[in-house]
Amino acid sequence: MSTKKERLDAICRIIQTEKIGNQEELLKQLENSGFQVTQATLSRDIKQLKVIKVHDGDGNYVYRLPDYSAEPGSASSVAAALDSALPEGVLGSIAGDDTILIIPREGISRDKIVKALAHFI
């Protein structure tokens, strides 16, 4: 009997290595990998993994895993550090989960803001 983590890892591996267009195809691949799972469980797993369907360029839609390279959740920490340092020309910032809006002072160009922020990178 496999664990949920093993099953989720298998789903990720299959989606990353195969062109999977629907749950039936994914279910078949899971069975080939030794996992016995119901369609309802697979549907919940897909939702938990936040799997999306994207156009593959060949006229088909395939499953893909989300891209977490943006490190969601850390924008507020970065914005707080930015606000405490307050680089020249920056009035302040507003942070979402993974996005920061930087508000320049009046008359300050985007290029000046980029140069001021370059010291933080």
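K19 is exposed, as its relative accessible area is 52% (exposed means over 50% relative accessible area, buried under 20%, and partly exposed in between, with a 1.4 Å probe and protein chains only). This is a predicted model, where local features need pLDDT of at least 70 and side-chain atom pairs count only at pLDDT 80 or more, while totals for chains, interfaces and linings use all residues. Residues are numbered from 1 along each chain as its sequence is written, and side-chain values use heavy atoms, leaving out hydrogens and water.

So what does K19 pair up with? Its side chain meets that of D56 in a salt bridge, 3.6 Å from N to O (a salt bridge being a side-chain nitrogen of Lys or Arg within 4 Å of a carboxyl oxygen of Asp or Glu). The two come from distant parts of the chain, 37 residues apart: K19 sits in the loop between α1 and α2 (23-32), and D56 in the loop between β1 (52-55) and β2 (61-64). Those labels follow DSSP runs numbered from the N terminus, with helices being H or I of at least four residues and strands E of at least two. Salt bridges with shared partners also tie K19, D56 and D58 into one network.

Another one joins R7 to D45, with the closest N and O atoms 2.5 Å apart. This pair also links distant parts of the chain, since R7 is in helix α1 and D45 in helix α3 (residues 39-49), 38 residues apart. Here both ends are tucked away: R7 is buried at 14% relative accessibility, and D45 is buried at 2%.

K5 is exposed at 55% relative accessibility, whereas D9 is partly exposed at 41%.

Now for what α1 packs against. Two packed helices are described by the angle and the distance between their axes. For α1 and α2, the axes come within 10 Å and cross at roughly 115 degrees (axes are lines fitted to C-alpha atoms, for helices over the stretch in contact, and angles run from 0 to 180 degrees between N-to-C directions). On the α1 side, R7, A10, I11, I14 and I15 meet L26, Q29 and L30 of α2, where contact means heavy atoms within 4.5 Å.
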